[in-house]
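User: Could you walk me through the metal site and the ring contacts in this one?

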Amino acid sequence: MGIKFCSLSSGSSGNCQYIETDRVKILIDGGLSGKKIERLLSSIDVCPTTIDSILVTHEHIDHIRGVGVLSRRYDIPIYANQSTWTRMERAVGEIKAKNIKIIESNEDFQLGDLDIHSFKVFHDAAEPVGYCIYHKNIKISIITDTGWVNDNMKSIIKGSSLYLMESNHDVKMLKEGNYPWYLKKRILSTKGHLSNFDAGKTLSEVLTGNGEIVLLAHLSKENNRPSIAHETVRECMEDYGINVHRDIALDLTYRDRPTRVYTL
Ligand SMILES: [Zn+2]
Ligand SMILES: [Zn+2]
């Protein structure tokens, strides 16, 4: 077996991604209640007692809600950088010292047969990161919650077999929608969330069109529609000469259900 990936849930109501190899099972973020994450895991036939580690991207509640509960219930180590630990300490509650794992952004570490690389993203949190996960010749990149993607980030994620990329909002829907002005400004800022168009542009610049899997993530309930996100990204890619149906697999993630389990 190679590596399995499933987005258990994605969006402002809770983010949780699952990765599995022969040797390890990890979660990236645990932003739903412990109970909900247990239920989502069992819906893909994974027992929560078998989760080896939880990696945290940043301290916003939609990424850490169930992290403390799961760590206490199943004795799971939590990995995050020091700034994130400081900010999330109170929200996650008491964690056994041995389960507090402090990582440095831009440094690699290993979990079983996975190599993990975290890198800084642009978001209004202490030290938010994205992750590249390597297993043999396969690479998975995860970027949610970033206001923009710079050239350095693009070069870090390039060459992945699977991209989980934020496609948060349609700019027109956000601008014309009901959100208060300060919130619109926050989301549109370089430390906010990535628009459908920016997701499409970023992906187009890193894809080679050799069958990569692309999952659009963290879609806003109010300022986006799955069909609009998909269409905007598809059009953008086609401007770059990528034929979405022939060259890659472009899929969505969901706030209320898991994706299928991808095997790479
Ligand atoms: Zn978020
Ligand atoms: Zn956030």
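Here are a few questions and answers on the metal site and the aromatic rings.

Analyst: Quick housekeeping: this is a predicted model, where local features need pLDDT of at least 70, side-chain atom pairs count only at pLDDT 80 or more, and totals for chains, interfaces and linings use all residues. Residues are numbered from 1 along each chain as its sequence is written, chains are lettered from A and ligands numbered from 1 in the order in which they are written, and side-chain values use heavy atoms, with hydrogens and water left out.

User: Which residues are the protein donors of the zinc ion (ligand 1)?

Analyst: Donors are N, O and S atoms within 2.8 Å of the metal (3.2 Å for Na, K and Ca); water is not among the atoms, so sites may look incomplete. The protein donors here lie 2.1 to 2.3 Å from the zinc ion (ligand 1). They are D62 (OD), H63 (NE2), D145 (OD) and H218 (NE2).

User: Which residue bridges the zinc ion (ligand 1) and the zinc ion (ligand 2)?

Analyst: The two zinc ions lie 3.5 Å apart. The bridging residue is D145.

User: Is the pair of Y79 and F109 stacked or tilted?

Analyst: Rings of Phe, Tyr and Trp (its six-membered ring) pair if their centres lie within 6.5 Å; planes under 30 degrees apart count as stacked, over 60 as edge-to-face and the rest as tilted. By this rule there are 2 aromatic pairs. Y79 and F109 sit 5.3 Å centre to centre with 10° between the planes, so the pair is stacked.
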